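Biologist: I am new to this structure. Please take me through a close look at one part of it, step by step.

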Amino acid sequence: MAEETACTSSWHRGRCPAPKAPVASSLALAGVRPAWRQKDQPHTQKQFIFEKPSEVERRVPEAGVIDKPGVYELSKGPTGTSRIHLIPGFIDSEQADWMFEQLLQDIPWGQRTHIRQEVSFEEPRLTSWYGELPYTYSRITMQPNPNWHPVLSMLKERIEEFTGHTFNSLLCNLYRNEKDSVDWHSDNEPSLGKNPVIASLSFGATRTFEMRKKPSPEEDGDYTYVERIRIPLDHGSLLVMEGATQEDWQHRVPKEYHSRDERINLTFRIIYPEPDGVWK
Ligand SMILES: O=C(O)CCC(=O)C(=O)O
């Protein structure tokens, strides 16, 4: 088992693997004649000395896994604490089966088109929006849709009661198979306000929800060494993200190499009217 040392990151409870010490060996090759050198060829005798690197080797940290129920503090910084709460089985599996079928059938699923650098491409998933206000992300605007499906209204109430937060909007995602995905992003549009609480409920096939910490300014946008977390989200599980999570972390659901059945994800949010988002 790897040795552990005190660590500033709080989600793995103050312990992390010790950095690997650089290999400290000294190698001197002297007078060794390579097989390909002809005997009569003149050569100068060379000595190779391995010098210990002056800087400690920097390792890419291994991704942590969160798969047990609980509240996890991911990080603390000037922007505040980033916290998530995982509740597997928030909806019991029998009810979740029934809800999944209803939502698959009744939600008006649609595929939106993105335009990036003059190139348009279809989102690799289907979506639908509920709420009195429109929602704009990645230059796509979802039009208001106040006609909440009864199952969605009921789920909103159950989540509000459990979390103590109210929500007025919902983004629904349908991942049809392993090829569907959502790329790295944060839910940080101005219309979501500062430190938004996002409650994410999943149905159907288990998919991995990945998180990565945004790099500090010194890293100059390089994500190589940032902390990463993987959270398997299965049928009926609820994940609540709050505090500085959207400001300090990104998340995604990557494509999978093996086949996956359909999965529905519901993200409940509060939307404020633009352009007067509360934190302008
Ligand atoms: O499908 C998920 O679990 C994540 C969806 C998501 O990231 C989003 O709707 O912003």
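Modeller: Start at Gly-64. Its opposite number in β17 is Ile-229. Keep in mind that this is a predicted model. The two strands here are β5 and β17, the latter made of residues 228-233. They run parallel, and 2 bridges join them.

Now widen the view to the sheet. It is open, has 5 strands and shows mixed pairing. Read across, the order is β5-β17-β16-β19-β14. β5 (64-65) and β14 (182-185) are the edge strands. Each has a single partner strand, so one side of each has no neighbour in the sheet.

From the sheet, move to the ligand. β19 (249-253) is one of the strands that supply at least two residues of the shell around the ligand. β20 gives the most, with 4 residues.

Who stands in that shell? Among the residues around the ligand are Leu-171, Asn-173, Tyr-175, Phe-209, Val-253 and Arg-263. By kind, the shell divides into 4 nonpolar, 5 polar and 3 charged residues.

Look next at the polar side chains. A polar side-chain atom of His-185 lies 2.9 Å from an oxygen atom of the ligand. For Asp-187, a side-chain N or O atom is 3.1 Å from a ligand oxygen. His-251 also has a side-chain N or O atom 3.1 Å from an oxygen atom of the ligand. On its own, the ligand has 290 Å² of accessible area, and the protein covers 96% of that. The site itself is the second largest pocket.

Notes. Residues numbered from 1 in each chain as written. Predicted model: local features only at pLDDT ≥ 70, side-chain atom pairs only at ≥ 80, totals over all residues. Heavy atoms only, no water. Near = heavy atom within 4 Å. Polar contact = N/O pair within 3.5 Å; in protein donor to acceptor, adjacent residues only side chain to side chain. Areas by Shrake-Rupley, 256 points an atom, 1.4 Å probe, with all protein chains shown as cover. 1 Å grid on protein atoms, 1.4 Å probe; cavity = no way out; pocket = protein on both sides within 12 Å on 5 of 7 lines; lining within 4 Å. Sits in = over half its atoms within 2 Å of the grid points. Nonpolar A, V, L, I, M, F, W, Y, C, P; charged D, E, K, R; others polar. Pairing = 2+ DSSP bridges.
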